[in-house]
Protein chains: 2
Amino acid sequence: MGPGSKFLSAACLLFALAAHAAEPSGFGPLRGTGDLGIAVERASGSLQWLDTSKKTSLGRIEGLGDLSHASAVFSRDARYAFVFGRDGGLSKIDVLTGKIVKRVIQSGNAIGGAISQDGRFIAAANYTPGGVKIFSTETLELVADIPAVSQTTGGKPSKVVGIEDAPGNRFVFSLFDAGEIWLADLSENPAQPRITRYANIGREPYDALVTQDGRWYVAGLFGENGLAVLDLWNPEAGVKRVLGDYGRGEEKLPVYKMPHLETWAVAGNLAFIPGVGRHEVVVVDISSWQQVGTIAVAGQPVFVMAEPTGRRLWVNFAFPDYDTVQVIDVPSRQIVQTLKPGKAVLHMEFTPRGEQVWVSVRDANRIDIYDTQSFAKVGEIAAQEPSGIFFTARAHRLGL
Amino acid sequence: MGPGSKFLSAACLLFALAAHAAEPSGFGPLRGTGDLGIAVERASGSLQWLDTSKKTSLGRIEGLGDLSHASAVFSRDARYAFVFGRDGGLSKIDVLTGKIVKRVIQSGNAIGGAISQDGRFIAAANYTPGGVKIFSTETLELVADIPAVSQTTGGKPSKVVGIEDAPGNRFVFSLFDAGEIWLADLSENPAQPRITRYANIGREPYDALVTQDGRWYVAGLFGENGLAVLDLWNPEAGVKRVLGDYGRGEEKLPVYKMPHLETWAVAGNLAFIPGVGRHEVVVVDISSWQQVGTIAVAGQPVFVMAEPTGRRLWVNFAFPDYDTVQVIDVPSRQIVQTLKPGKAVLHMEFTPRGEQVWVSVRDANRIDIYDTQSFAKVGEIAAQEPSGIFFTARAHRLGL
């Protein structure tokens, strides 16, 4: 290129920036968005911006507030991440440019969110003042407010946990204080969601999941044993209590960290779930909701995550075993590998087709990348106290 | 914008085109690639370039040769489609720009292909001269040639069908003439794949699939009844023959079109597969490989496809019922909807989270878009005799 083209290049860059300001789609270097992601740096309120093909960071995205327990969902075009911060901040991040497109403080204290099946709406679950708020993914403008006020709590809004998307543009969530599960249907009028309430589902639901097929909404209970299950294929049947022995038990074992329920490992009809306060993974037959076995592991499991193939489970643990990851072979239910990435393995994320797993090692300020076949470490990325890792392929999955 | 900016805009476009020629990543209007796709226009050797968010065509991509029975896979960044033409053409399409990046004629007659788990390699299955060729996804340069010469066929290369990717950077495929299944492992040396051969798997395998968990490779047989099954979690156990009654049967029913096996509907342990020459969907328990039921339908099924939620199956049919689509409710196994989109429904593709299904109606020169909840038609796109529809989210799935 000659000096003329250099000048033109600079002019075009300016023009592109101006065009970017004028229209949100922007103009810039082209790339696909299928191999991008973010990792939460919770202490510094920032994100690492990740490229899974090159196994590298593309930079740091700053200014996201309190990111303790932060999570993210992605737009249906896999271009934007919506990050839910603990301080009620909801940030829309452009993973093509690494910029914050918009940021709103939507509550005083929040605990995650979800995106509707059609990609038009974001729902945020709030602790303070409680309730759920629905926003447009396009503008982050408020579309609907669901205070989650129940008779059980005498007209006070309830803390909301375990919010998940469900087929048919519905959101499902649990009311911690009220012990209820609510199903909000946005398919007719998003501004006035149709609410179905399920009361007396158990004391203090603290987290929940939807199975990957969008069928089962499962809430874990902090206040008693057992799980609350809603069959979204047949919601008229109501919420059932299952696995009455699952939980902290009569002895109230010391529980260092309540396990996460966002992603259950499901292979065929079997689900593999973290035991509460016990050094075991619990095997459940989903067709009958009966416990059919346990697998002894190195500590109290936090996440039990299946490789995309379902062949193996990767398990991390609560203190004091939080330096360890174990890998379980599903058919034999044997531990086939024990890794020691370092202190405070907080999260794991598989590449979409499962050839790698990315592991946050908080106190080492690293994200480690492992080959899932050989267990070899194939890369690492510097990150400030990383926690949750989220890749754009989540855009295409239900119940995340 | 003033006229000056218009001039600058035109100059920038020229510059961007020049930059595009210079570096493959290019420069242009930014957008995510998670909601893009292509539809094959087989008679005209072209593609419709699709946007599933706007429910629209972004244009036509021409010059792809003979696209009868064409199929496509996507790069791991969801930017490039690799289209396998019947004439042996392998085309790399940039779905961000709608351009053909590269095109090679890799054989005289081909029948589909696959992409490796890590996204580095494309495999094409060939009829003439037979065998499999492996290419770099980056450059489309030949990496390895597997002639598929077997003793059974006396040293002649075999036609290869049913090529699928499997975990661990492996490809699995079937030799039509030889009646064999081969497993090619590229994980150690991609230029010299390690081949495992399974002989006597049945006469004339004509198509195959890998279940979405990457576990089961299943080949349909044209020359006899039954299916050949390889457990990729335990390939040492060899190929087993299952479902001995499945197929054209003793009476050799008139079969208007052998059903496609690329995508089986799997819900829990149940698979729903097209009956051969019969007006039924066959229900198989994958844990035992036993037939456990049938569902009567309007004609000879071609594709039996599960919504991403697994809740419903959408079925299209061979001549003379090829104007019809039926929808089956999985829990009750009842037909809940019969649609008549028009003559020659050739393919269906769900949006990744299942809110819509896009249907090719060949003789009507249309792609119809249906809402999967209400069955309402929510859009249509003009297309010249459309057949296969492929969305970029396939980039993130195994066994496609």
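I take two strands as paired if DSSP finds at least two bridges between them. Strands (E, at least two residues) and helices (H or I, at least four) are DSSP runs, numbered from the N terminus.

**Ground rules.** This is a predicted model: I use local features only at pLDDT of at least 70 and side-chain atom pairs only at pLDDT 80 or more, while totals for chains, interfaces and linings use all residues. Residues are numbered from 1 along each chain as its sequence is written, chains are lettered from A and ligands numbered from 1 in the order in which they are written, and side-chain values use heavy atoms, with hydrogens and water left out.

**Sheet in chain A.** I looked up β23 (residues 280-285) of chain A. It pairs with β24(A) in the antiparallel sense, over 6 bridges. I checked one residue: A:Asp285 has A:Gln290 in β24(A) as its bridge partner. I then traced the open sheet of 4 strands, with antiparallel pairing and the order β21-β22-β23-β24 in chain A. The edges are β21 (265-267) and β24 (290-296) of chain A; each has a single partner strand, so one side of each is left without a neighbour in the sheet. I noted a twist that averages 25° from one strand to the next; axes for this are lines fitted to C-alpha atoms, and angles run from 0 to 180 degrees between N-to-C directions.

**Hairpin in chain B.** I moved to β11 (residues 132-136) and β12 (residues 142-146) of chain B. They pair in the antiparallel sense over 4 bridges. B:Lys133 stands opposite B:Asp145 in β12(B). The two strands form a hairpin with 5 residues between them, and B:Leu140 in the turn has a positive phi of about 60°.

**Cavities.** I searched a 1 Å grid over the protein atoms alone; a cavity is a set of points where a 1.4 Å probe fits but cannot get out, and lining residues have an atom within 4 Å of a point. Points are joined across faces, edges and corners, and a volume is the space filled by probe spheres set on them. I found 5 cavities of 30 Å³ or more.

Terms used. 1 Å grid on protein atoms, 1.4 Å probe; cavity = no way out; pocket = protein on both sides within 12 Å on 5 of 7 lines; lining within 4 Å.
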